[in-house]
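Please walk through the fold and its side-chain contacts with the structure at hand. The account begins with one term and then goes from the strands to the side chains.

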Amino acid sequence: MTDKNKAVLDRLQGGLVVSCQALPNEPLHSSYIMSRMAYAAFLGGAVGIRANTVADIIEIRKTVDLPIIGIIKEVYPDHPDVYITPTMTEVDALVECGVEIIALDATRRVRPGGRSLADFFGEVRAKYPEQLFMADCADFQDGMAAAAMGFDLIGTTMASYTPYTSGCELPPYGMIADLVRECGKPVVAEGNIGTPAQLRHAMDLGVLTVVVGGAITRPMQITQKFVAALQ
């Protein structure tokens, strides 16, 4: 690992990464708004940001000097379920904008173009040998396979979002603990971590960092939870 990449991981160690994303159908969809959200996260003590699209990343760079986990969500008609940085087009765009870490769907589902993850990531790693890559996995099997393929970080992002993990425990503490013990790579706890106590528990399992998104940066969803308590 390069000194530059080691420094990035050192900055994330033991801290909170805030996911600042808003899709086109959400009220806060705006690169400017996401940049302000990232700045608020920075002021609150976040050590990193997860962001979607080059436009958002460029705006966020103007407001904070934190490591960014970059993704591009793009739906391809042939395999629409795999949409987090699904092809080389998205990887190239993220590398071009200088993002520190690139995350991509690392589930065992078939990717756009009918490609397997192993085939796709082999090409990606050969093209960008010094780029940090994070595997967004759904279960322990995904994580172990991704570690063997050469991903730098193993994340739990996709737990419950695949047919083979529907209804799984959330947050996926068992998956987190098993990966920390077995995969040999830094583990990122991400997905359905909604309270400070859940974050603390995930961190205590030995992860590198914890990513929290909706509980911090999606006020419409947060409001809906409070309103649901009144029903």
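A residue is called buried here if its relative accessible area is under 20%, exposed if that area is over 50%, and partly exposed in between. By that rule E26, at 14% relative accessibility, counts as buried. The model is a predicted one.

Eight strands close into a barrel, and the order around it is β1-β2-β3-β4-β5-β6-β7-β8, with parallel pairing. From one strand to the next the twist averages 25°. In general, strands of a sheet pair through backbone hydrogen bonds, in either a parallel or an antiparallel arrangement.

Because four of its five residues are buried, β1 is largely enclosed by the rest of the structure.

Helix α8, residues 196-204, lies across β1, β7 (187-190) and β8. The helix runs at about 150° to β8.

The aromatic side chains come next. The structure has three aromatic pairs. Y39 and F42 form one that is stacked, at 6.2 Å centre to centre with 25° between the planes. Both belong to helix α2, residues 31-44, where being three residues apart separates them by about one helical turn. Y39 has 30% relative accessibility and counts as partly exposed; F42, at 37%, is likewise partly exposed.

F121 and F151 make a stacked pair too, because their ring centres are 3.8 Å apart and their planes meet at 10°. This pair links distant parts of the chain: F121 lies in helix α5 (residues 117-127), while F151 lies in the loop between α6 (140-149) and β6 (153-155), 30 residues apart. F121 is buried, with a relative accessible area of 1%, and F151 is buried at 0%. Together with F133, F121 and F151 form one aromatic cluster.

One aromatic ring is involved in a contact with a charge. The charged end of R108 sits over the ring of Y164, at 3.8 Å from its centre.

Charged side chains also meet one another. In general, side chains of opposite charge can pair when their charged atoms come close. Over the whole structure there are 16 salt bridges. How far apart in the chain are the parts that E26 and R218 link? The two residues are 192 residues apart, with E26 in the loop between β1 and α2, and R218 in the loop between α9 (214-217) and α10 (219-228). Their closest N and O atoms are 2.6 Å apart in this salt bridge.

K127 and D92 form another salt bridge, with 3.0 Å between the closest N and O atoms. K127 lies in helix α5 and D92 in helix α4 (residues 88-96), so the pair ties together parts that are 35 residues apart in sequence. K127 is partly exposed at 43% relative accessibility, and D92 is partly exposed at 26%.

With a relative accessible area of 55%, R181 is exposed, whereas D178, at 27%, is partly exposed.

Salt bridges can also share partners, and in this way R50, D136 and E190 are joined into one network.

Technical notes:
Residues are numbered from 1 along each chain as its sequence is written. This is a predicted model: local features need pLDDT of at least 70, side-chain atom pairs count only at pLDDT 80 or more; totals for chains, interfaces and linings use all residues. Side-chain values use heavy atoms; hydrogens and water are left out. Two strands pair if DSSP finds at least two bridges between them. Axes are lines fitted to C-alpha atoms, for helices over the stretch in contact, and angles run from 0 to 180 degrees between N-to-C directions. Contact means heavy atoms within 4.5 Å. Rings of Phe, Tyr and Trp (its six-membered ring) pair if their centres lie within 6.5 Å; planes under 30 degrees apart count as stacked, over 60 as edge-to-face and the rest as tilted. Buried means under 20% relative accessible area, exposed over 50%, partly exposed in between (1.4 Å probe, protein chains only). A charge sits over a ring if NZ of Lys or CZ of Arg is within 6 Å of the ring centre and within 35 degrees of the ring normal. A salt bridge is a side-chain nitrogen of Lys or Arg within 4 Å of a carboxyl oxygen of Asp or Glu.
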